[in-house]
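Me: I have a structure open and would like to go through it step by step. Could you help me read it?
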Amino acid sequence: MKLLSRKATCNSHGQDSSYFSGWEEYEKNPFHEIRNPKGIIQMGLAENQLSFDFLESWLSKNPDAAGFKRDGESIFRELALFQDYHGLPAFKKAFVEYMAEIRGNKVSFNPSHLVLTAGATSANETLMFCLAEPGEAFLLPTPYYPGFDRDLKWRTGVEIVPIQCTSSDGFQITEAALVAAYQDAQNRNLRVKGVLVTNPSNPLGTTMTRNELNLLISFIESKGIHLISDEIYAGTVFSSPSDFVSVMEILKARNCENVWKRVHLVSSLSKDLGLPGFRVGAIYSNDDIVVAAATKMSSFGLVSSQTQYLLSAMLSDKKFTNKYISENQKRLRQRHKMLVSGLEKAEIKCLKSNAGLFCWVDMRHLLRSNTFESEMELWKRIVYDVKLNISPGSSCHCTEPGWFRVCFANMSEETLELAMQRLRAFVTEYSTVLGQSRSNGHSQSRKNSRRRSLTKWVFRLSFDDCNRQPDER
Ligand SMILES: Cc1ncc(COP(=O)(O)O)c(C=O)c1O
(Lines give C-alpha, C1' and ligand atoms only; values in the text may rest on other atoms or scores of the structure.)
Protein backbone atom coordinates (compact mmCIF):
# COMPACT_ATOMS: atom_id res chain seq x y z
CA MET A 1 0.00 0.00 0.00
CA LYS A 2 1.28 3.47 -0.89
CA LEU A 3 1.56 5.57 2.25
CA LEU A 4 1.64 8.92 0.51
CA SER A 5 -0.79 10.53 -1.87
CA ARG A 6 -0.15 10.86 -5.61
CA LYS A 7 -0.06 14.64 -5.21
CA ALA A 8 2.68 14.46 -2.58
CA THR A 9 4.85 12.25 -4.76
CA CYS A 10 4.20 13.57 -8.28
CA ASN A 11 6.69 15.98 -9.86
CA SER A 12 4.35 18.34 -11.69
CA HIS A 13 5.27 21.08 -9.19
CA GLY A 14 8.15 22.20 -11.44
CA GLN A 15 10.63 22.38 -8.55
CA ASP A 16 13.35 20.77 -10.69
CA SER A 17 13.20 23.51 -13.35
CA SER A 18 16.44 25.46 -13.91
CA TYR A 19 14.51 28.52 -12.66
CA PHE A 20 14.40 27.03 -9.16
CA SER A 21 17.73 25.15 -9.33
CA GLY A 22 19.45 28.48 -10.10
CA TRP A 23 18.04 29.82 -6.82
CA GLU A 24 19.39 26.74 -5.01
CA GLU A 25 22.86 27.34 -6.45
CA TYR A 26 22.65 30.95 -5.34
CA GLU A 27 21.68 29.88 -1.79
CA LYS A 28 24.83 27.72 -1.58
CA ASN A 29 27.15 30.59 -2.45
CA PRO A 30 25.37 33.96 -2.18
CA PHE A 31 27.24 37.10 -3.15
CA HIS A 32 27.96 39.65 -0.41
CA GLU A 33 30.00 42.82 -1.02
CA ILE A 34 32.27 42.14 1.96
CA ARG A 35 31.70 38.62 3.24
CA ASN A 36 31.58 36.86 -0.16
CA PRO A 37 32.55 39.18 -3.04
CA LYS A 38 33.15 36.24 -5.40
CA GLY A 39 29.79 34.63 -4.71
CA ILE A 40 26.82 34.20 -7.06
CA ILE A 41 24.86 37.39 -7.77
CA GLN A 42 21.13 36.73 -7.73
CA MET A 43 19.62 38.01 -10.99
CA GLY A 44 16.88 35.41 -11.14
CA LEU A 45 14.60 36.95 -8.52
CA ALA A 46 11.94 39.47 -9.54
CA GLU A 47 12.04 41.50 -6.36
CA ASN A 48 11.84 45.26 -6.04
CA GLN A 49 14.22 46.66 -3.43
CA LEU A 50 14.56 50.10 -4.97
CA SER A 51 12.07 52.05 -2.89
CA PHE A 52 12.22 50.65 0.62
CA ASP A 53 13.35 54.01 1.97
CA PHE A 54 9.90 55.47 1.16
CA LEU A 55 8.12 52.66 2.99
CA GLU A 56 10.45 52.92 5.97
CA SER A 57 10.08 56.66 6.14
CA TRP A 58 6.26 56.31 6.06
CA LEU A 59 6.45 53.73 8.87
CA SER A 60 8.54 55.96 11.08
CA LYS A 61 6.08 58.83 10.58
CA ASN A 62 3.07 56.56 11.25
CA PRO A 63 4.08 54.40 14.22
CA ASP A 64 0.46 53.53 15.17
CA ALA A 65 -0.11 51.55 11.97
CA ALA A 66 2.57 48.95 12.68
CA GLY A 67 2.21 49.21 16.46
CA PHE A 68 -1.33 47.74 16.70
CA LYS A 69 -2.71 51.16 17.69
CA ARG A 70 -5.56 53.46 16.64
CA ASP A 71 -5.42 57.07 17.83
CA GLY A 72 -2.74 56.01 20.31
CA GLU A 73 -4.91 53.23 21.84
CA SER A 74 -3.97 49.56 21.49
CA ILE A 75 -6.15 47.51 19.13
CA PHE A 76 -4.08 44.37 19.67
CA ARG A 77 -7.06 42.30 20.84
CA GLU A 78 -9.25 43.41 17.98
CA LEU A 79 -6.58 42.33 15.47
CA ALA A 80 -5.68 39.11 17.30
CA LEU A 81 -9.22 37.75 17.43
CA PHE A 82 -11.07 35.75 14.75
CA GLN A 83 -10.97 37.24 11.28
CA ASP A 84 -13.88 37.18 8.88
CA TYR A 85 -12.81 35.83 5.48
CA HIS A 86 -14.32 38.84 3.71
CA GLY A 87 -11.33 40.98 4.71
CA LEU A 88 -11.23 44.33 6.48
CA PRO A 89 -13.54 46.77 4.61
CA ALA A 90 -11.11 49.65 5.12
CA PHE A 91 -8.31 47.65 3.54
CA LYS A 92 -10.37 46.49 0.57
CA LYS A 93 -11.43 50.07 -0.11
CA ALA A 94 -7.82 51.31 0.10
CA PHE A 95 -6.63 48.40 -2.11
CA VAL A 96 -9.13 49.04 -4.95
CA GLU A 97 -8.36 52.77 -4.87
CA TYR A 98 -4.67 51.95 -5.16
CA MET A 99 -5.41 49.57 -8.05
CA ALA A 100 -7.22 52.41 -9.82
CA GLU A 101 -4.40 54.85 -9.12
CA ILE A 102 -1.70 52.64 -10.67
CA ARG A 103 -3.96 52.35 -13.73
CA GLY A 104 -4.05 56.15 -14.05
CA ASN A 105 -7.64 56.26 -12.62
CA LYS A 106 -8.92 55.30 -16.07
CA VAL A 107 -10.91 52.51 -14.44
CA SER A 108 -12.45 52.15 -11.00
CA PHE A 109 -13.03 49.05 -8.93
CA ASN A 110 -15.79 48.05 -6.53
CA PRO A 111 -14.46 46.60 -3.24
CA SER A 112 -17.33 44.10 -3.13
CA HIS A 113 -15.87 42.40 -6.22
CA LEU A 114 -12.45 41.99 -4.60
CA VAL A 115 -11.27 38.78 -2.91
CA LEU A 116 -8.12 38.99 -0.80
CA THR A 117 -5.61 36.16 -1.12
CA ALA A 118 -2.15 35.27 0.19
CA GLY A 119 -0.35 36.77 -2.82
CA ALA A 120 -1.00 36.41 -6.54
CA THR A 121 0.15 32.78 -6.26
CA SER A 122 -2.94 31.94 -4.28
CA ALA A 123 -5.15 34.20 -6.44
CA ASN A 124 -4.17 32.36 -9.63
CA GLU A 125 -4.67 28.92 -8.12
CA THR A 126 -8.03 29.93 -6.61
CA LEU A 127 -9.21 31.13 -10.02
CA MET A 128 -8.26 27.76 -11.53
CA PHE A 129 -10.32 26.00 -8.86
CA CYS A 130 -13.26 28.31 -9.64
CA LEU A 131 -13.10 28.17 -13.45
CA ALA A 132 -11.88 24.72 -14.49
CA GLU A 133 -12.13 21.02 -13.71
CA PRO A 134 -9.06 18.78 -13.49
CA GLY A 135 -8.04 17.87 -17.05
CA GLU A 136 -9.44 21.07 -18.57
CA ALA A 137 -7.04 23.60 -20.06
CA PHE A 138 -5.96 27.22 -20.02
CA LEU A 139 -4.02 28.74 -22.92
CA LEU A 140 -0.92 30.75 -21.92
CA PRO A 141 1.34 32.80 -24.20
CA THR A 142 5.00 31.75 -24.11
CA PRO A 143 7.39 32.63 -22.64
CA TYR A 144 5.58 32.58 -19.28
CA TYR A 145 6.41 32.89 -15.56
CA PRO A 146 7.87 29.50 -14.48
CA GLY A 147 5.82 29.54 -11.25
CA PHE A 148 2.64 29.03 -13.28
CA ASP A 149 3.31 25.31 -13.64
CA ARG A 150 3.02 25.11 -9.86
CA ASP A 151 0.29 27.73 -9.35
CA LEU A 152 -2.09 26.73 -12.14
CA LYS A 153 -1.50 23.01 -12.59
CA TRP A 154 -0.01 21.26 -9.61
CA ARG A 155 -2.85 20.99 -7.10
CA THR A 156 -5.74 21.77 -9.44
CA GLY A 157 -4.98 19.20 -12.17
CA VAL A 158 -5.62 21.90 -14.80
CA GLU A 159 -3.51 21.70 -17.97
CA ILE A 160 -1.54 24.55 -19.58
CA VAL A 161 -1.48 24.68 -23.38
CA PRO A 162 1.10 27.13 -24.76
CA ILE A 163 0.30 29.91 -27.21
CA GLN A 164 3.58 29.93 -29.13
CA CYS A 165 4.83 33.52 -29.41
CA THR A 166 8.08 34.21 -31.26
CA SER A 167 10.79 36.84 -31.55
CA SER A 168 9.77 37.57 -35.14
CA ASP A 169 6.55 39.10 -33.73
CA GLY A 170 8.32 40.71 -30.75
CA PHE A 171 6.77 37.87 -28.69
CA GLN A 172 3.35 39.49 -29.09
CA ILE A 173 0.20 37.37 -29.24
CA THR A 174 -1.10 36.89 -32.76
CA GLU A 175 -4.46 35.57 -33.91
CA ALA A 176 -2.73 32.70 -35.71
CA ALA A 177 -0.92 31.66 -32.51
CA LEU A 178 -4.16 31.81 -30.48
CA VAL A 179 -6.04 29.71 -33.01
CA ALA A 180 -3.17 27.19 -33.24
CA ALA A 181 -3.07 26.77 -29.43
CA TYR A 182 -6.84 26.24 -29.30
CA GLN A 183 -6.54 23.65 -32.05
CA ASP A 184 -3.62 21.98 -30.27
CA ALA A 185 -5.76 21.62 -27.12
CA GLN A 186 -8.59 20.12 -29.14
CA ASN A 187 -6.22 17.66 -30.79
CA ARG A 188 -5.22 16.58 -27.30
CA ASN A 189 -8.87 16.23 -26.28
CA LEU A 190 -8.54 19.04 -23.75
CA ARG A 191 -11.47 21.34 -23.18
CA VAL A 192 -10.26 24.95 -23.17
CA LYS A 193 -11.73 27.03 -20.34
CA GLY A 194 -9.80 30.22 -20.85
CA VAL A 195 -6.71 32.23 -21.64
CA LEU A 196 -4.36 33.56 -18.96
CA VAL A 197 -1.98 36.42 -19.70
CA THR A 198 0.39 38.50 -17.60
CA ASN A 199 0.19 42.20 -18.41
CA PRO A 200 2.84 43.61 -18.11
CA SER A 201 4.52 40.38 -19.05
CA ASN A 202 6.79 38.32 -16.88
CA PRO A 203 9.37 37.51 -18.34
CA LEU A 204 9.23 39.99 -21.27
CA GLY A 205 8.88 43.23 -19.29
CA THR A 206 6.49 44.59 -21.94
CA THR A 207 2.95 45.91 -21.72
CA MET A 208 0.24 44.56 -23.99
CA THR A 209 -0.96 46.69 -26.86
CA ARG A 210 -4.61 47.65 -27.29
CA ASN A 211 -4.62 45.47 -30.39
CA GLU A 212 -3.53 42.40 -28.44
CA LEU A 213 -6.11 43.08 -25.72
CA ASN A 214 -8.88 43.56 -28.27
CA LEU A 215 -7.83 40.37 -30.02
CA LEU A 216 -8.03 38.48 -26.71
CA ILE A 217 -11.48 39.85 -25.87
CA SER A 218 -12.80 38.95 -29.32
CA PHE A 219 -11.29 35.48 -29.02
CA ILE A 220 -12.83 34.67 -25.63
CA GLU A 221 -16.11 36.16 -26.82
CA SER A 222 -16.20 33.87 -29.85
CA LYS A 223 -15.15 30.76 -27.94
CA GLY A 224 -17.30 31.37 -24.86
CA ILE A 225 -14.34 31.07 -22.47
CA HIS A 226 -12.67 33.08 -19.66
CA LEU A 227 -9.80 35.55 -19.65
CA ILE A 228 -7.53 36.00 -16.63
CA SER A 229 -5.24 39.00 -16.69
CA ASP A 230 -2.49 38.75 -14.07
CA GLU A 231 -1.63 42.43 -13.61
CA ILE A 232 0.82 41.97 -10.74
CA TYR A 233 3.37 44.23 -12.52
CA ALA A 234 0.85 47.04 -13.26
CA GLY A 235 2.66 49.45 -10.94
CA THR A 236 6.09 48.80 -12.47
CA VAL A 237 5.46 50.43 -15.88
CA PHE A 238 8.24 52.99 -16.16
CA SER A 239 8.18 54.33 -19.70
CA SER A 240 6.47 54.66 -23.05
CA PRO A 241 5.95 53.53 -25.93
CA SER A 242 2.58 52.97 -24.37
CA ASP A 243 1.32 53.48 -20.87
CA PHE A 244 -0.17 50.51 -19.18
CA VAL A 245 -3.63 49.54 -20.47
CA SER A 246 -5.60 47.23 -18.21
CA VAL A 247 -7.96 44.76 -19.82
CA MET A 248 -10.68 46.40 -17.68
CA GLU A 249 -10.19 49.62 -19.63
CA ILE A 250 -10.75 47.79 -22.93
CA LEU A 251 -13.84 46.06 -21.53
CA LYS A 252 -15.25 49.40 -20.46
CA ALA A 253 -14.54 50.98 -23.86
CA ARG A 254 -16.10 48.09 -25.80
CA ASN A 255 -19.04 47.92 -23.42
CA CYS A 256 -19.12 44.15 -23.90
CA GLU A 257 -21.82 42.88 -21.59
CA ASN A 258 -21.49 39.27 -22.71
CA VAL A 259 -17.89 38.85 -21.61
CA TRP A 260 -18.06 41.16 -18.61
CA LYS A 261 -18.40 38.26 -16.19
CA ARG A 262 -15.74 36.18 -17.90
CA VAL A 263 -12.81 38.54 -17.39
CA HIS A 264 -10.94 38.31 -14.09
CA LEU A 265 -7.99 40.31 -12.76
CA VAL A 266 -5.17 39.22 -10.47
CA SER A 267 -3.35 41.81 -8.42
CA SER A 268 -0.73 41.83 -5.66
CA LEU A 269 1.48 44.13 -3.64
CA SER A 270 4.53 41.90 -4.11
CA LYS A 271 6.16 43.72 -7.02
CA ASP A 272 5.47 47.45 -7.14
CA LEU A 273 5.42 47.90 -3.34
CA GLY A 274 8.14 45.26 -2.97
CA LEU A 275 6.28 43.32 -0.27
CA PRO A 276 6.30 39.64 -1.35
CA GLY A 277 6.88 38.59 2.26
CA PHE A 278 3.61 40.20 3.39
CA ARG A 279 1.63 37.85 1.10
CA VAL A 280 -1.00 40.28 -0.15
CA GLY A 281 -2.81 39.55 -3.39
CA ALA A 282 -6.32 39.74 -4.79
CA ILE A 283 -8.78 38.51 -7.37
CA TYR A 284 -11.09 41.03 -8.99
CA SER A 285 -14.05 39.59 -10.83
CA ASN A 286 -17.36 40.90 -12.18
CA ASP A 287 -18.99 37.53 -11.64
CA ASP A 288 -20.72 37.33 -8.23
CA ILE A 289 -20.56 33.53 -8.24
CA VAL A 290 -16.79 33.57 -8.80
CA VAL A 291 -16.41 36.22 -6.06
CA ALA A 292 -18.48 34.17 -3.60
CA ALA A 293 -16.66 30.89 -4.36
CA ALA A 294 -13.21 32.50 -4.26
CA THR A 295 -14.08 34.21 -0.97
CA LYS A 296 -14.93 30.84 0.59
CA MET A 297 -11.71 29.37 -0.79
CA SER A 298 -9.69 32.30 0.56
CA SER A 299 -9.98 30.66 4.02
CA PHE A 300 -6.96 28.59 2.91
CA GLY A 301 -4.79 31.65 2.36
CA LEU A 302 -5.99 34.72 4.24
CA VAL A 303 -4.03 37.93 4.65
CA SER A 304 -3.38 38.44 8.38
CA SER A 305 -5.35 41.16 10.18
CA GLN A 306 -2.29 43.14 11.25
CA THR A 307 -1.01 43.23 7.65
CA GLN A 308 -4.40 44.44 6.43
CA TYR A 309 -4.53 47.04 9.20
CA LEU A 310 -1.05 48.37 8.46
CA LEU A 311 -1.56 48.50 4.70
CA SER A 312 -5.00 50.07 4.86
CA ALA A 313 -3.39 53.02 6.67
CA MET A 314 -0.51 53.16 4.16
CA LEU A 315 -2.57 52.83 0.98
CA SER A 316 -5.21 55.30 2.06
CA ASP A 317 -2.51 57.95 2.49
CA LYS A 318 -2.93 59.38 -1.03
CA LYS A 319 -0.04 61.81 -0.70
CA PHE A 320 2.21 58.85 0.05
CA THR A 321 0.90 56.53 -2.71
CA ASN A 322 1.13 59.29 -5.30
CA LYS A 323 4.73 60.08 -4.48
CA TYR A 324 5.69 56.42 -4.09
CA ILE A 325 4.27 55.42 -7.49
CA SER A 326 6.04 58.17 -9.40
CA GLU A 327 9.40 57.86 -7.56
CA ASN A 328 9.40 54.07 -7.82
CA GLN A 329 8.79 54.31 -11.56
CA LYS A 330 11.64 56.80 -11.92
CA ARG A 331 14.02 54.48 -10.10
CA LEU A 332 12.92 51.45 -12.13
CA ARG A 333 13.44 53.39 -15.36
CA GLN A 334 16.94 54.40 -14.31
CA ARG A 335 17.84 50.87 -13.22
CA HIS A 336 16.49 49.37 -16.42
CA LYS A 337 18.65 51.84 -18.38
CA MET A 338 21.69 50.81 -16.39
CA LEU A 339 21.14 47.13 -17.22
CA VAL A 340 20.48 47.77 -20.90
CA SER A 341 23.62 49.89 -21.30
CA GLY A 342 25.71 47.37 -19.31
CA LEU A 343 24.49 44.63 -21.65
CA GLU A 344 25.18 46.78 -24.72
CA LYS A 345 28.80 47.16 -23.62
CA ALA A 346 28.97 43.36 -23.67
CA GLU A 347 27.34 43.46 -27.13
CA ILE A 348 24.21 41.83 -25.84
CA LYS A 349 20.77 43.08 -26.89
CA CYS A 350 17.44 42.66 -25.22
CA LEU A 351 13.79 42.97 -26.15
CA LYS A 352 12.66 46.63 -25.92
CA SER A 353 10.69 46.82 -22.72
CA ASN A 354 8.89 49.37 -20.57
CA ALA A 355 7.87 47.54 -17.38
CA GLY A 356 8.73 44.88 -14.84
CA LEU A 357 11.81 44.16 -12.77
CA PHE A 358 13.77 42.35 -15.51
CA CYS A 359 14.85 42.35 -19.15
CA TRP A 360 14.38 39.61 -21.73
CA VAL A 361 17.92 39.18 -22.95
CA ASP A 362 19.00 37.80 -26.32
CA MET A 363 22.12 35.62 -26.08
CA ARG A 364 21.43 33.56 -29.17
CA HIS A 365 24.77 34.62 -30.66
CA LEU A 366 26.54 32.99 -27.71
CA LEU A 367 25.07 29.54 -28.31
CA ARG A 368 27.26 26.85 -29.80
CA SER A 369 24.21 25.62 -31.74
CA ASN A 370 20.56 26.60 -31.95
CA THR A 371 19.44 24.06 -29.35
CA PHE A 372 18.19 23.99 -25.79
CA GLU A 373 21.21 21.83 -24.88
CA SER A 374 23.42 24.75 -25.91
CA GLU A 375 21.23 27.11 -23.90
CA MET A 376 21.75 24.96 -20.78
CA GLU A 377 25.47 24.77 -21.49
CA LEU A 378 25.69 28.58 -21.65
CA TRP A 379 23.48 28.95 -18.57
CA LYS A 380 25.73 26.63 -16.55
CA ARG A 381 28.78 28.69 -17.56
CA ILE A 382 27.02 31.86 -16.45
CA VAL A 383 25.89 30.39 -13.11
CA TYR A 384 28.98 28.35 -12.18
CA ASP A 385 31.80 30.33 -13.79
CA VAL A 386 30.59 33.92 -14.14
CA LYS A 387 28.55 33.46 -10.96
CA LEU A 388 25.38 35.19 -12.05
CA ASN A 389 22.07 33.45 -11.54
CA ILE A 390 19.85 34.34 -14.48
CA SER A 391 16.84 32.37 -15.75
CA PRO A 392 17.04 30.43 -19.03
CA GLY A 393 14.23 30.98 -21.52
CA SER A 394 13.52 27.25 -21.53
CA SER A 395 12.41 27.51 -17.87
CA CYS A 396 9.83 30.04 -19.12
CA HIS A 397 8.77 27.63 -21.90
CA CYS A 398 10.22 29.89 -24.60
CA THR A 399 10.24 28.07 -27.94
CA GLU A 400 13.51 29.67 -29.15
CA PRO A 401 16.83 28.77 -27.47
CA GLY A 402 19.12 31.57 -26.32
CA TRP A 403 16.85 33.96 -24.42
CA PHE A 404 17.33 34.67 -20.70
CA ARG A 405 15.46 36.68 -18.07
CA VAL A 406 17.76 38.99 -16.12
CA CYS A 407 16.47 40.86 -13.03
CA PHE A 408 17.75 44.31 -12.09
CA ALA A 409 15.81 45.63 -9.08
CA ASN A 410 16.83 43.27 -6.27
CA MET A 411 20.39 44.55 -5.77
CA SER A 412 22.43 47.71 -5.30
CA GLU A 413 23.78 49.75 -8.25
CA GLU A 414 27.29 48.63 -7.32
CA THR A 415 26.30 44.97 -7.46
CA LEU A 416 24.63 45.45 -10.84
CA GLU A 417 27.77 47.18 -12.10
CA LEU A 418 29.90 44.26 -10.88
CA ALA A 419 27.55 41.78 -12.55
CA MET A 420 27.93 43.64 -15.84
CA GLN A 421 31.73 43.68 -15.49
CA ARG A 422 31.76 39.93 -14.94
CA LEU A 423 29.49 39.36 -17.93
CA ARG A 424 31.58 41.63 -20.17
CA ALA A 425 34.79 39.80 -19.30
CA PHE A 426 33.14 36.46 -19.95
CA VAL A 427 31.55 37.45 -23.27
CA THR A 428 34.78 38.95 -24.62
CA GLU A 429 36.70 35.75 -24.11
CA TYR A 430 33.87 33.34 -24.76
CA SER A 431 32.90 34.84 -28.11
CA THR A 432 36.53 34.73 -29.28
CA VAL A 433 36.76 31.06 -28.50
CA LEU A 434 33.31 30.36 -29.88
CA GLY A 435 34.29 32.13 -33.13
CA GLN A 436 37.50 30.13 -33.34
CA SER A 437 35.77 26.86 -32.66
CA ARG A 438 33.17 27.67 -35.34
CA SER A 439 35.76 28.54 -37.98
CA ASN A 440 38.41 25.96 -37.14
CA GLY A 441 36.26 23.02 -36.25
CA HIS A 442 36.32 20.96 -33.14
CA SER A 443 39.89 19.61 -32.99
CA GLN A 444 41.52 22.90 -33.96
CA SER A 445 39.61 24.75 -31.29
CA ARG A 446 40.79 22.29 -28.64
CA LYS A 447 44.38 22.87 -29.70
CA ASN A 448 43.92 26.63 -29.54
CA SER A 449 42.20 26.56 -26.23
CA ARG A 450 45.07 24.54 -24.77
CA ARG A 451 47.59 26.99 -26.21
CA ARG A 452 45.72 29.91 -24.69
CA SER A 453 45.16 28.27 -21.35
CA LEU A 454 46.34 31.35 -19.52
CA THR A 455 42.86 32.72 -19.40
CA LYS A 456 40.35 30.78 -17.38
CA TRP A 457 37.42 31.16 -19.79
CA VAL A 458 39.38 29.84 -22.73
CA PHE A 459 40.79 27.00 -20.70
CA ARG A 460 37.36 25.96 -19.60
CA LEU A 461 35.86 26.05 -23.03
CA SER A 462 36.95 22.70 -24.32
CA PHE A 463 34.11 20.64 -25.70
CA ASP A 464 34.49 17.88 -23.12
CA ASP A 465 34.33 20.30 -20.28
CA CYS A 466 31.22 21.95 -21.67
CA ASN A 467 29.43 18.65 -21.66
CA ARG A 468 30.24 17.93 -18.06
CA GLN A 469 27.57 18.34 -15.41
CA PRO A 470 28.14 21.14 -12.86
CA ASP A 471 28.62 18.71 -9.99
CA GLU A 472 31.43 16.98 -11.87
CA ARG A 473 33.53 20.17 -11.85
C1 LIG B 1 3.25 36.89 -13.19
C2 LIG B 1 3.33 36.54 -11.75
N3 LIG B 1 2.22 36.12 -11.11
C4 LIG B 1 2.25 35.77 -9.82
C5 LIG B 1 3.42 35.83 -9.08
C6 LIG B 1 3.39 35.46 -7.62
O7 LIG B 1 3.36 36.64 -6.82
P8 LIG B 1 3.05 36.68 -5.27
O9 LIG B 1 4.35 36.92 -4.58
O10 LIG B 1 2.12 37.86 -5.06
O11 LIG B 1 2.42 35.41 -4.88
C12 LIG B 1 4.59 36.29 -9.68
C13 LIG B 1 5.84 36.34 -8.92
O14 LIG B 1 6.93 36.48 -9.43
C15 LIG B 1 4.54 36.64 -11.05
O16 LIG B 1 5.63 37.07 -11.69
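Me: Which atoms of A120 lie 2.8 Å from an oxygen atom of the ligand?
Reply: A backbone N or O atom of A120 does. Such a polar contact is a pair of N or O atoms within 3.5 Å; within protein, one must be able to donate a hydrogen and the other to accept it, and residues adjacent in sequence count only if both atoms are side-chain atoms.
Me: How much of the ligand's accessible area does the protein cover?
Reply: The protein covers 94% of the 390 Å² that the ligand has on its own. Accessible areas come from the Shrake-Rupley method with a 1.4 Å probe, and for residues only the protein chains shown count as cover.
Me: What should I know about the model itself?
Reply: This is a predicted model, in which local features need pLDDT of at least 70 and side-chain atom pairs count only at pLDDT 80 or more, while totals for chains, interfaces and linings use all residues. Residues are numbered from 1 along each chain as its sequence is written, and side-chain values use heavy atoms, with hydrogens and water left out.
Me: Back to the ligand. How many residues surround the ligand?
Reply: There are 14, and the closest are T121, N202, D230, K271 and R279. A residue counts as near if one of its heavy atoms lies within 4 Å.
Me: What do N202 and K271 do there?
Reply: N202 has a polar side-chain atom 2.7 Å from a ligand oxygen. For K271, an N or O atom of the side chain is 2.7 Å from an oxygen atom of the ligand.
Me: Which helix gives the largest share of the shell?
Reply: Helix α7 (residues 119–131) does, with three residues. Helices are DSSP runs (H or I, at least four residues), numbered from the N terminus.
Me: New topic. How many aromatic pairs are there?
Reply: A search of the whole structure finds 17. Rings of Phe, Tyr and Trp (its six-membered ring) pair if their centres lie within 6.5 Å; planes under 30 degrees apart count as stacked, over 60 as edge-to-face and the rest as tilted. One of the pairs is F54 with Y324, edge-to-face, 6.2 Å centre to centre and with 80 degrees between the planes.
Me: Where in the chain are F54 and Y324?
Reply: F54 is in helix α3 (residues 52–61) and Y324 in helix α15, 270 residues apart. Both residues are buried, meaning under 20% relative accessible area (1.4 Å probe, protein chains only).
Me: Which residues do ring pairs link into a cluster?
Reply: The cluster consists of F54, W58, F320 and Y324.

Definitions and conventions: Helix = DSSP H or I, 4+ residues; strand = E, 2+ residues; numbered from the N terminus. Buried < 20%, exposed > 50% of the residue type's maximum accessible area, 1.4 Å probe, protein only.
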